[in-house]
Amino acid sequence: MSYQNLLVDNQNGILILTLNREKALNALNKQTMDELHAFFEEDYKSYGTIKGIILTGSGEKAFVAGADIKELLGLNAAQASETSKFGQNIFFNIERMSVPVIAAINGFTLGGGCELAMSCHMRIATDKSKFGQPEVNLGIVPGYGGTQRLIQLIGKGKAIELILTGDMIKADEAKQLGLVNHVVEVGQEVEKAKEIIEKISTKGPIAVAKSISLMNSYFDKNADGFELEWKAFGEFAATADFKEGATAFVERRPAKFIGA
Ligand code: CAA
């Protein structure tokens, strides 16, 4: 798919995906959601083996200021439900990616923007960033997973306060709460995300992918994460990567994983 609102830059196997609607503070309109869907459903595969993906927003003011409010206004109940389900499915795809996906955040990260960031595996924010779920200010509820993932990340007590008040919090508080992994100076957010992805790329890639999937299973009400873990542990003991990793440890040299 050719994109109007997404830019993709392959930097040494790390895909930098920039939401590029600066004039609307990168608000997630239908076009952008269609493009995100195409990218995370299929298009990323055309880049072959990648180390990870960094999601960021264009401009100095916002990562993403939410779903596009002007478009939401025109939807009837059935269309709004479909929009919400479609968005949730895109964000599930992000959460289930087998390589790390990191949000590199500068500025407003609100509503659907905060939900997008929360679907990524990690969040790096600049000290100028602000987070919130302000949907109640508009008389609606979060629709792209915010009522679920905010609780997962920061616990129910604080999540309830943020969602019911619609308050914005600064990056430092977001870090204290566990919403953000690292706070950096403006301009360093993509670099920090790259550094983390480069580090992860030296590890066993199938172990990284399986670890993501096992941790996601914690939140799957139909899965027994402990059972999945012991089964995976057995399967991994027989892999070439484990033989290489353990041998490299004994021989005191860096491991060369093959992903099998
Ligand atoms: N949707 C559509 N357009 C948006 C937008 C949004 N979420 N956020 C900002 N914009 C647009 C503004 O309309 C404005 O465009 P125009 O000049 O053409 O009117 C432009 O971006 C710049 O915004 P402001 O002039 O408002 O900038 P500001 O600095 O005064 O304020 C802000 C910045 C505090 C982020 C403010 O724009 C704001 O409150 N935005 C809305 C945040 C919000 O409520 N997000 C939740 C959306 S609903 C949702 O996301 C539901 C869900 O869970 C799926």
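This is a predicted model: local features need pLDDT of at least 70, side-chain atom pairs count only at pLDDT 80 or more; totals for chains, interfaces and linings use all residues.

**The domain interface**

Guide: Let's start with the polar side of things: across the interface of domain 1 and domain 2 the rule finds one residue pair in polar contact, with both residues at pLDDT 80 or more.

Now, who is on the domain 1 side? The residues there that touch domain 2 split into four nonpolar, three polar and two charged. As for the area, domain 1 and domain 2 bury about 520 Å² between them, and 65% of that sits on carbon and sulfur atoms.

Stepping back a bit, the domain assignment puts domain 1 at 6–200 and domain 2 at 205–250. Nine residues from domain 1 and five residues from domain 2 make up the contact. If you'd rather think in centres, the C-alpha centres of the two domains are 27 Å apart.

And the chain around that interface? It has twelve helices and ten strands. Its radius of gyration is 19 Å, close to the 18 Å that the globule rule gives for 260 residues, so the chain is as compact as a globular protein of that length. Along its principal axes, the C-alpha trace spans about 60 × 35 × 35 Å.

How values were computed:
Residues are numbered from 1 along each chain as its sequence is written. Side-chain values use heavy atoms; hydrogens and water are left out. Domain bounds come from an automatic or database domain assignment. Contact means heavy atoms within 4.5 Å. Buried area is the accessible area (1.4 Å probe) that two parts lose on being put together, summed over both. A polar contact is a pair of N or O atoms within 3.5 Å; within protein, one must be able to donate a hydrogen and the other to accept it, and residues adjacent in sequence count only if both atoms are side-chain atoms. Ala, Val, Leu, Ile, Met, Phe, Trp, Tyr, Cys and Pro count as nonpolar, Asp, Glu, Lys and Arg as charged, and the others, Gly among them, as polar. Helices (H or I, at least four residues) and strands (E, at least two) are DSSP runs, numbered from the N terminus. The radius of gyration is taken over C-alpha atoms; the globule rule is 2.2 Å times the number of residues to the power 0.38.
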